[in-house]
Amino acid sequence: MAFGYLLVALLAASVAIFALQNTDPISVRFLFWSTQALPAAGVTLAALAIGLIVAGVPLAIARRRWRSRTRALESRVTTLESALAERDRALASRPVPPTPPKPPTPPPPRPQEPTA
């Protein structure tokens, strides 16, 4: 977790340094849209923000689906555990019938003695 915070801090510092060093005005054209005299850092930061949003939205949707599936599976596990516990209680409270005695087994046949 500390590595993640360090990485974010380094990224934020590098973006701040970039913004301070690139203040020259530039013009931006995209399809039919055009602007004049925007700072290069502003254009770059706007592109970075748009990229984060474009990448973050699908990740957020996938995360929501995973959480929903996790909740559904946890609910199913709880239901199955309660059904199993109820079955165990029912089996424990049921009287066990006595087992009938086994019939005696006949002795094995004797070998015949040879006759001469």
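**Questions on a predicted model**

Student: In which helix is leucine 73 placed?
Tutor: This is a predicted model, in which local features need pLDDT of at least 70 and side-chain atom pairs count only at pLDDT 80 or more, while totals for chains, interfaces and linings use all residues. Residues are numbered from 1 along each chain as its sequence is written, and side-chain values use heavy atoms, with hydrogens and water left out. Helices (H or I, at least four residues) and strands (E, at least two) are DSSP runs numbered from the N terminus. By that rule leucine 73 belongs to residues 40–93, helix α2.

Student: Is leucine 73 buried, partly exposed or exposed?
Tutor: Buried denotes under 20% relative accessible area and exposed over 50%, with partly exposed in between (1.4 Å probe, protein chains only). Since its relative accessible area is 39%, leucine 73 is partly exposed.

Student: How far apart in space are leucine 73 and leucine 91?
Tutor: Along the sequence, 18 residues separate leucine 73 from leucine 91. From C-alpha to C-alpha, the separation in space is 27 Å.

Student: Why does the span of α1 agree with its 20 residues?
Tutor: Helix α1 covers residues 2–21 and includes leucine 7. The expected span is 1.5 Å times one less than the number of residues, so α1 should span 28 Å. The span agrees because the end C-alpha atoms of α1 are apart by 29 Å.

Student: How many of the 20 residues of α1 are buried?
Tutor: Helix α1 is hardly covered. The count of buried residues in α1 is zero.

Student: What is the accessible area of the nonpolar patch formed by Phe3, Leu6, Leu7 and Leu10?
Tutor: Patches take residues with over 30% relative accessible area and no salt bridge, joining like charges within 9 Å and nonpolar side chains (Val, Leu, Ile, Met, Phe, Trp, Tyr) within 5 Å. Accessible areas come from the Shrake-Rupley method with a 1.4 Å probe, and for residues only the protein chains shown count as cover. Together, the four residues of this surface patch have about 460 Å².

Student: In which sense do strands β1 and β2 pair?
Tutor: Two strands pair if DSSP finds at least two bridges between them. Strand β1 (residues 25–30) and strand β2 (residues 33–39) share five bridges, and their sense is antiparallel.

Student: Which residue in β2 is the bridge partner of arginine 29?
Tutor: The pairing of β1 with β2 runs over five bridges. Across from arginine 29, the partner in β2 is serine 34.

Student: What phi does leucine 31 take in the hairpin of β1 and β2?
Tutor: Most residues other than glycine have a negative phi. Leucine 31 sits in the loop between β1 and β2 and, with a relative accessibility of 75%, counts as exposed. In this hairpin, with two residues between the strands, leucine 31 has a positive phi near 50°.

Student: What is the phi of alanine 37?
Tutor: Alanine 37 belongs to strand β2 and is exposed, with a relative accessible area of 56%. This residue other than glycine has a positive phi, near 55°.

Student: Which residues is threonine 35 in contact with, leaving aside its neighbours within four places in sequence?
Tutor: Threonine 35 lies in strand β2 and counts as buried because its relative accessibility is 15%. Contact means heavy atoms within 4.5 Å. With those neighbours left aside, the contacts of threonine 35 are Ser27 and Val28.

Student: Which side chain meets arginine 87 in a salt bridge?
Tutor: A salt bridge places a side-chain nitrogen of Lys or Arg within 4 Å of a carboxyl oxygen of Asp or Glu, and the count here is one. Arginine 87 is partly exposed at 49% relative accessibility. At 3.5 Å, N to O, its partner is aspartate 88.
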